[in-house]
There are 2 protein chains.
Amino acid sequence: MSVLSRINAKLDGMAPGDREIGRYIVDNPDQMLRLSTAALAAEIGRSQSSVVKFSQKLGYASYQELKLAVSEAKAQDWQVPAGVIHGSIEVGDGFPVILKKLIGSKLLSMQQTVAANSERIISRTLELLDGARRIHLVGVGASSLVARDFSYKLMKLGRNVLHDSDSHIQMANASTLGPDDVLFALSYSGASIETLRIAELAAKRGTTVIAVTGLHDNPLNRVADIRLYTIADEERARSSSITARDAQLTLTDLLFILLVQKQPDANDYVHNSEAAVTVLKAERST
Amino acid sequence: MSVLSRINAKLDGMAPGDREIGRYIVDNPDQMLRLSTAALAAEIGRSQSSVVKFSQKLGYASYQELKLAVSEAKAQDWQVPAGVIHGSIEVGDGFPVILKKLIGSKLLSMQQTVAANSERIISRTLELLDGARRIHLVGVGASSLVARDFSYKLMKLGRNVLHDSDSHIQMANASTLGPDDVLFALSYSGASIETLRIAELAAKRGTTVIAVTGLHDNPLNRVADIRLYTIADEERARSSSITARDAQLTLTDLLFILLVQKQPDANDYVHNSEAAVTVLKAERST
DNA sequence: CAGATCAAGGAATAAATTATTCCAATTTCG
DNA sequence: CGAAATTGGAATAATTTATTCCTTGATCTG
């Protein structure tokens with residue numbers, strides 16, 4: 001969490017003096033960055049030493065450290081837009097604020113998602129996808145769309161992929177899985193009953209199961225051999241399903257790009273597959 | 001331009017001492033932020049005063065100002081990823097570089113997309129979607145997934161929506177359109193033949209056509225009543241279809257959120273629809 | 001080539017900022 | 001009510017930054 005959110009959260013539990021200092025910093029991070037401890041103290045009518053102590057109480061070694069943290073937090077303003085620390089999208093928000101919050105929460109979930117999966121686990125995933133006889137993608141609802149998107153991309157790379165948006169068909173397909181196959185299961189909650197049953201069946205048949213779920217402990221997670229995580233912005237309920245989908249797409253896009261990197265002839269495949277489609281395009285006029 | 005690029009550019013014209021200081025800062029901005037002038041000087045074997053003078057020669061009032069600028073520059077790296085301004089993803093790129101480029105290009109297309117559509121045209125679109133008897137969504141390939149995602153969201157709001165991933169079905173449906181309906185057509189190229197034909201048919205039947213295409217002139221654009229734009233990163237060919245899809249999603253997400261804002265009882269609808277789905281979730285264990 | 005001029009850069013020092021200590025005033029809690 | 005803890009400021013110590021001054025060496029000039 002950013003310093004500013006942290007300060008804001010602790011504000012209520014603080015002594016009056018500290019609260020004033022904290023509020024000033026949260027409200028005027030820009031000014032704060034250019035003020036010395038003495039100047040900041042003067043600004044709010046407190047003593048210079050209080051400011052130093054404030055920094056230390058927050059766990060920073062020095063006032064300078066606090067400044068660095070604030071500066072970094074400000075940079076993340078895209079992530080937690082201007083001042084709106086509790087940034088769910090509200091009914092009263094104007095157009096520009098909504099834009100900022102939307103893009104901010106999307107960016108945040110992307111960043112957190114790539115941060116949540118170690119390079120080690122990603123490269124293990126790549127090996128599995130790379131070595132699989134067939135890749136079976138499952139997911140229901142919004143996750144089904146992500147699965148399909150990913151399946152299109154994998155097909156462009158010439159992989160053997162299977163996905164259907166109907167979960168009964170998915171289940172039927174799953175009964176043909178074997179140890180050389182990989183099941184790639186997407187569910188943010190990790191609790192979608194159809195996806196879970198399919199994963200259980202696949203696991204029983206010796207198929208490697210890759211689960212893409214939220215960070216919480218969940219049933220799907222538990223049957224999986226490889227656990228990938230997507231981070232969505234759960235607090236901001238209204239945009240929740242949006243960021244969960246974005247997080248899944250970020251992860252699958254990343255896997256796709258890394259597969260392209262690994263596969264020397266990937267460009268040919270992608271190019272051919274795109275060229276094939278152009279016969280369905282109208283003449284593009286200038 | 002960021003301080004770091006500026007320093008880097010001037011490096012050659014600098015006195016040897018300054019050059020050393022500049023190079024250190026460009027190479028280790030993170031360390032630099034935590035070093036005092038004296039410590040930085042010691043690090044590269046120069047005098048403390050040189051460091052101060054270096055800051056002043058760059059036009060900053062103080063060493064602290066330079067630090068602030070560096071901190072800010074580091075932050076902007078996210079927005080236009082690390083030095084790689086023309087940053088298509090290359091075969092030789094390492095894992096962290098790929099992450100940065102991927103998120104960077106996604107962010108860029110989102111930002112440019114929201115910037116490309118004026119508030120005026122967006123609110124006109126909202127009125128149309130709001131007043132439509134039925135909303136017909138069309139798109140093929142990757143655009144079809146976006147259309148479906150948007151259709152799910154509109155359904156959650158209780159709207160009358162129609163979408164099928166099969167373009168023949170889409171066409172058949174389109175023949176039932178009337179003047180009170182709205183056709184929402186997605187195609188980044190604006191030249192997908194099926195989508196175009198459907199839009200033409202709709203236009204002939206007096207249906208309002210909203211087109212979501214790239215910024216270039218294109219056939220779909222020309223038959224549309226309302227033109228919305230998505231900006232994708234065309235230079236970076238490899239990630240092109242990724243950012244085109246992200247741009248479309250950003251736009252449809254934005255429209256969805258704004259519709260929610262307009263509709264007083266939206267939360268009830270969304271909540272009910274999500275509650276209905278939870279019966280298909282397994283017990284979530286702790 | 002000698003001497004003047006100037007830029008580079010360090011040492012010393014002045015100025016400022018930050019951190020610590022100590023203490024008085026309040027609040028909290030038994 | 002009184003002891004203990006907390007708050008927060010004044011004074012001061014320590015550190016950091018900025019300026020001044022000076023040496024060195026390079027360059028220019030007559």
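A polar side-chain atom of Gln56(A) lies 2.6 Å from a phosphate oxygen of DNA strand C. The model is predicted.

**Surface near DNA strand C**

- DNA strand C is surrounded by 18 residues.
- The closest come from both chains: Thr37(A), Gln56(A) and Ser62(A), plus Ser50(B) and Lys53(B).
- Four helices each supply at least two residues of the surface: H5 (48-57) and H6 (63-75) of chain A, and H2 (16-27) and H5 (48-57) of chain B.
- H5(A) gives the largest share, five residues.

**Polar contacts to DNA strand C**

- Gln56(A) uses its side chain, with a polar atom 2.6 Å from a phosphate oxygen.
- Ser49(B) reaches a base: an N or O atom in its side chain is 3.3 Å from a base nitrogen of DNA strand C.

**Helices H10(B) and H11(B)**

- Helix H10 (residues 167-174) and helix H11 (residues 193-204) of chain B pack with their axes 9 Å apart.
- The angle between them is about 5°.
- Angles under 35 degrees count as roughly parallel, so H10(B) and H11(B) are roughly parallel to each other.
- H10(B) makes the contact through Ser167(B), Gln170(B), Met171(B) and Ala174(B).
- H11(B) contributes Glu194(B), Arg197(B), Ile198(B) and Leu201(B).
- The contact of H10(B) with H11(B) has four nonpolar, two polar and two charged residues.

**Ser143(A)**

- Ser143(A) sits in helix H9 (residues 142-156) of chain A.
- Its relative accessibility is 9%. Buried means under 20%, so Ser143(A) counts as buried.
- Its side chain makes a polar contact with the side chain of Gln248(A), at 3.3 Å.
- Beyond its neighbours within four places in sequence, Ser143(A) is in contact with Leu186(A), Ser187(A), Tyr188(A) and Gln248(A).

Key. Residues are numbered from 1 along each chain as its sequence is written. Chains are lettered from A and ligands numbered from 1 in the order in which they are written. This is a predicted model: local features need pLDDT of at least 70, side-chain atom pairs count only at pLDDT 80 or more; totals for chains, interfaces and linings use all residues. Side-chain values use heavy atoms; hydrogens and water are left out. A residue is near a molecule or strand if one of its heavy atoms lies within 4 Å of it. A polar contact is a pair of N or O atoms within 3.5 Å; within protein, one must be able to donate a hydrogen and the other to accept it, and residues adjacent in sequence count only if both atoms are side-chain atoms. Axes are lines fitted to C-alpha atoms, for helices over the stretch in contact, and angles run from 0 to 180 degrees between N-to-C directions. Angles under 35 degrees count as roughly parallel, over 145 as roughly antiparallel, 65 to 115 as roughly perpendicular and the rest as oblique. Contact means heavy atoms within 4.5 Å. Ala, Val, Leu, Ile, Met, Phe, Trp, Tyr, Cys and Pro count as nonpolar, Asp, Glu, Lys and Arg as charged, and the others, Gly among them, as polar. Buried means under 20% relative accessible area, exposed over 50%, partly exposed in between (1.4 Å probe, protein chains only).
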